[in-house]
Every structure is written in structure tokens, then in C-alpha cells.
Amino acid sequence: MTSTDDDTTRGTLVRRGLGLEYTTLGWNVIGIVVLAGAAVAARSVALAGFGLDSLIEIGASTVVIWELSGTGEDRRRRALRLIGAGFALLAVYLLVQSTWVLAAGFRPHHSPLGIAWTAVTAAAMFALAAGKARTGAALDNPVLRAEGRVTLVDGLLAAAVLTGLLLNSVAGLWWADPAAGYVLVCYALREVREIFPGTR
């Protein structure tokens with residue numbers, strides 16, 4: 001394969017990576033509006049918290065778009081630090097929210113809109129995360145791969161919130177969602193430990 005072919009292939013992969021990030025960005029911008037309405041209607045702390053997670057995902061996608069639009073090792077290291085900070089914020093948010101909900105014994109109302117949105121979001125985020133993992137590996141781009149893991153956490157969190165909403169709606173098990181949040185805290189902290197040593 002010639003250098004021209006390599007450049008063409010890389011350009012195609014970069015465009016695909018940008019497309020995945022713009023899709024994630026747009027999805028989460030819409031999600032904040034939908035989740036705000038659902039959270040108010042159901043008085044759901046979990047849905048409100050998931051809206052905050054969408055803000056973190058928007059920030060992570062913006063970082064990757066910035067990194068893919070330029071070159072340089074310093075730019076890449078800085079982008080990785082920002083992604084790592086996003087994981088750290090996600091871990092803090094999940095820990096505080098889950099602890100607060102469990103301590104308060106807060107019982108939200110049923111939320112058909114919340115159930116529908118988190119179900120669709122979980123499927124979309126898993127698909128986007130898989131696309132980012134493949135594209136990041138093909139580009140050998142650790143920033144895109146790391147942000148793909150942020151998207152994976154977003155999908156896992158959507159699935160956890162969905163499970164909590166369903167268990168609350170069907171069986172009255174209000175504590176299921178904050179309990180699942182603790183599992184994701186461990187995952188996010190592991191990602192922070194993996195990212196930051198590689199940026200020094």
C-alpha cells in the first residue's frame with residue numbers, strides 16, 4: 001500500500017471517528033432535554049443524575065473532536081488527561097448520587113418516558129462505543145479508544161438506570177438503581193488509573 005493509500009485510509013477513519021463523536025454529541029444534547037422533563041415528572045434523582053452524565057459525555061466528545069482535528073503528542077496527552085478527568089467526575093457523581101439516594105430512601109414515581117429513553121440510549125451508546133473502539137484501534141488513537149470507554153460507561157449507566165426504573169415500577173425495588181451505580185464507580189475509577197499513568 002502506498003503512502004497516498006495510507007493517507008486516504010487514515011482520512012476515512014478520522015472522518016468516521018468524527019462522525020461517531022458528532023452523533024454521540026447530538027444524542028446527549030437531545031438527551032439532556034428529554035431527561036430533564038422525565039426527571040421532573042417522575043421526581044427521579046436517577047434520571048436527573050443521568051442527565052448530568054450526559055453533560056460529562058458531551059465534554060468527552062468535544063475533547064475527542066478537538067484532538068482528531070489536529071496533530072501532536074502534546075495535544076494527545078492533554079486530551080487523554082481531559083478524558084481521565086471526565087471518568088473521575090463520573091465516578092464522583094455516581095458515588096454521591098447512589099449514596100444520597102440510598103441514605104434518603106427516595107422513592108421516585110413511575111416514568112414511562114424515562115424507561116423508553118434509557119432503553120434506546122443504552123442500545124445507541126453500546127453501538128457507538130463499539131464503533132469508537134474499532135475506529136480507535138484502526139487509527140491507533142488512544143484518545144478515541146478512551147472516549148469509547150466513556151461511551152460504554154454511559155451505556156452501562158443507561159442500562160443500570162433502566163433496570164432501576166423497571167424494578168421500581170414492577171416490584172417497588174427503589175434501591176436497585178443506586179446499588180448498580182456502585183459497580184460503575186469501580187469501573188470508572190479503574191479507567192482513571194489506566195489513563196493517567198499513560199499521560200505523564
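## Helices, salt bridges and a core

Aspartate 74 and arginine 77 both sit in helix 3 (residues 73-104), and because they are 3 residues apart there, about one helical turn separates them. Helices here are DSSP runs of H or I with at least four residues, strands are runs of E with at least two, and both are numbered from the N terminus.

The model is predicted, so local features need pLDDT of at least 70 and side-chain atom pairs need 80 or more, while totals for chains, interfaces and linings use all residues. Residues count from 1 along each chain as its sequence is written, and side-chain values use heavy atoms, without hydrogens or water.

**Salt bridges**

The structure has 9 salt bridges. Each one needs a side-chain nitrogen of Lys or Arg within 4 Å of a carboxyl oxygen of Asp or Glu. The table lists some of them.

| Aspartate 74 | Arginine 77 | 3.8 Å |

Glutamate 147 belongs to helix 5 (residues 142-171) and lysine 132 to helix 4 (residues 112-139), so their bridge ties together parts 15 residues apart in sequence.

How open are these residues? Relative accessible area sorts them: under 20% is buried, over 50% is exposed, and in between is partly exposed (1.4 Å probe, protein chains only). Glutamate 147 and lysine 132 are both buried. Aspartate 74 is partly exposed at 41%, and arginine 77 is partly exposed at 27%. Aspartate 140 is exposed at 53%.

**Asparagine 28**

Asparagine 28 lies in helix 1 (residues 3-42). Its relative accessibility is 2%, so asparagine 28 counts as buried. Its side chain comes to 2.8 Å from the backbone oxygen of threonine 24. Beyond four places in sequence, asparagine 28 contacts Ser54, Glu57, Ile58, Met125 and Asp154. Contact means heavy atoms within 4.5 Å.

**The nonpolar core**

In soluble globular proteins, nonpolar side chains tend to be buried together. A nonpolar core is a set of buried Ala, Val, Leu, Ile, Met, Phe, Trp, Tyr and Cys residues, joined through side-chain atoms within 4.5 Å. Which members of the largest core touch the most others? They are Ile83, Phe87 and Leu157, out of 47 residues. Helices 1, 2 (45-68), 3, 4, 5 and 6 (176-195) each give two or more residues to this core. Helix 5 gives the most, with 11.

Isoleucine 83 has several contacts beyond four places in sequence, among them Ala60, Val63, Val150 and Ile195.

**Helix 5 and helix 6**

How do these helices run? The axes of helix 5 and helix 6 come within 8 Å and cross at roughly 170 degrees. Axes are lines fitted to C-alpha atoms, for helices over the stretch in contact, with angles from 0 to 180 degrees between N-to-C directions. Under 35 degrees is roughly parallel, over 145 roughly antiparallel, 65 to 115 roughly perpendicular, and the rest oblique. Helix 5 and helix 6 are therefore roughly antiparallel. Residues making the contact include Ala146, Leu157 and Leu167 of helix 5 and Ala176, Tyr187 and Ile195 of helix 6.

Tyrosine 182 is also in helix 6. At 30%, tyrosine 182 is partly exposed. Tyrosine 182 and threonine 99 lie 83 residues apart in sequence, yet 8.7 Å apart in space, C-alpha to C-alpha. Tyrosine 182 touches Leu95, Ser98, Thr99 and Leu102, not counting residues up to four places away in sequence.

Notes
Polar contact = N/O pair within 3.5 Å; in protein donor to acceptor, adjacent residues only side chain to side chain.
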